[in-house]
Amino acid sequence: VKRIFSDVEDSERMFTNEVNIISRLIHRNLVQFLGWCHEQGELLLVFEYLTNGSLDTHIFGNRRTLTWDVRYKIALGVARALRYLHEDAEQCVLHRDIKSANILLDTDFNTKVSDFGIAKLVDPRLRTQKTKVVGTYGYLAPEYLNEGRASKESDMYGFGVVVLEIACGRKTYQDAEHNHVPLVNWVWKHYVEENILNVADKGLNMGFDVDEMTCLLTVGLWCTLHNHKKRPHAEQVISVLKQEATLPKLST
């Protein structure tokens, strides 16, 4: 059960927005919406119960380390959810808050993207939507952060950051570290120096497929390119992760 506190700014609008959007979406990689309640000032949304909680608690918390096969499956599941939202849904949906905390896992560690409180239905005539900047610091695309331009590409940026977190076992930024190098910059440095496998999560103890790790890290960088026009669509990402298409050679 998700409770939206009525004293939060725009709480009713967020509640209505989430019900309006999630109720029209059905996909195996999206959390299943069951119902809602709006009584006596309470704003409640009811979803399927997912026993394994959110991705961030496994990567950064004290839960058991996810195996490489599971991590790769999760990344592919998020990409499939985004393909559905961007291309296959009745009307294109921009999630606008793709992050590890919003990726839930069921009993079999299948991916379930959640939290559509700030999602936006896109006018099909427009490529981007100029909006108030919302979302989570560290996952926001530069053009969205600076100009408020939300697009499929800005969603893909958030996905790219999540992918790097999955592969590296490291947060996009550390709250307490003033000298912390952002995750994207850190991985780029190793990519340019051609030793990208050095950023792989040490918690895996080298227990990963080298080609898949290289692929996932490269996809993460591809999705977080500063120039949004050079970022891939979800369909391209899926093809590369399934190794049905060749990895791009990246430049900033």
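The legends below describe close-up views of a predicted model.

**View 1. The largest cavity and its lining residues**.
One cavity of 30 Å³ or more is counted in the predicted model. The largest cavity holds about 80 Å³ of space. Arg96, Asp97 and Ile98 belong to its lining, together with Thr136, Tyr139, Leu140, Ala141 and Tyr144. Ser154, Asp155 and Gly158 complete the list of lining residues. Helix α5, which spans residues 152-168, supplies the largest share of this lining, with three residues. By class, the lining of the largest cavity consists of five nonpolar, three polar and three charged residues.

**View 2. The second largest pocket**.
The space in the second largest pocket comes to about 280 Å³. Its lining is made up of 15 residues. Those that lie nearest the centre of the pocket are Val1, Lys2, Phe47, Glu48 and Leu104. Eight residues of the lining of the second largest pocket are nonpolar, three are polar and four are charged.

**View 3. Packing of helix α3 against helix α7**.
Helix α3 covers residues 68-88 and helix α7 covers residues 210-223. The two helices pack at an angle of about 35°, and their axes are 11 Å apart. The crossing of α3 with α7 is left-handed. On the α3 side, the contact involves Trp68, Tyr72 and Ala75. These residues meet Glu212, Met213, Cys215 and Leu216 of α7. The contact of α3 with α7 contains six nonpolar residues, no polar residues and one charged residue.

**View 4. Packing of helix α3 against helix α8**.
Helix α8 is formed by residues 234-241. The axes of α3 and α8 come within 8 Å and cross at roughly 155°. Angles over 145 degrees count as roughly antiparallel, and α3 and α8 are therefore roughly antiparallel to each other. Their crossing is left-handed. From α3, the residues in contact are Tyr72, Ala75, Leu76, Ala79, Arg80, Leu82 and Arg83. Facing them in α8 are Ala234, Glu235, Val237, Ile238 and Leu241. The residues of the contact of α3 with α8 comprise nine nonpolar, no polar and three charged.

**View 5. Tyr72 and Ala75 of helix α3 in the contacts with α7 and α8**.
Tyr72 and Ala75 are among the α3 residues that meet α7, and both are also listed in the contact of α3 with α8. Among the α7 residues at the contact with α3 are Met213 and Leu216. The α8 residues that meet α3 include Val237 and Ile238.

Technical notes: Residues numbered from 1 in each chain as written. Predicted model: local features only at pLDDT ≥ 70, side-chain atom pairs only at ≥ 80, totals over all residues. Heavy atoms only, no water. 1 Å grid on protein atoms, 1.4 Å probe; cavity = no way out; pocket = protein on both sides within 12 Å on 5 of 7 lines; lining within 4 Å. Points joined across faces, edges and corners; volume = space filled by probe spheres on them. Helix = DSSP H or I, 4+ residues; strand = E, 2+ residues; numbered from the N terminus. Nonpolar A, V, L, I, M, F, W, Y, C, P; charged D, E, K, R; others polar. Axes fitted to C-alpha atoms, helices over the stretch in contact; angles between N-to-C directions. Left-handed = near helix turned anticlockwise from the far one by under 90°. Contact = heavy atoms within 4.5 Å. Parallel < 35°, antiparallel > 145°, perpendicular 65-115°, else oblique.
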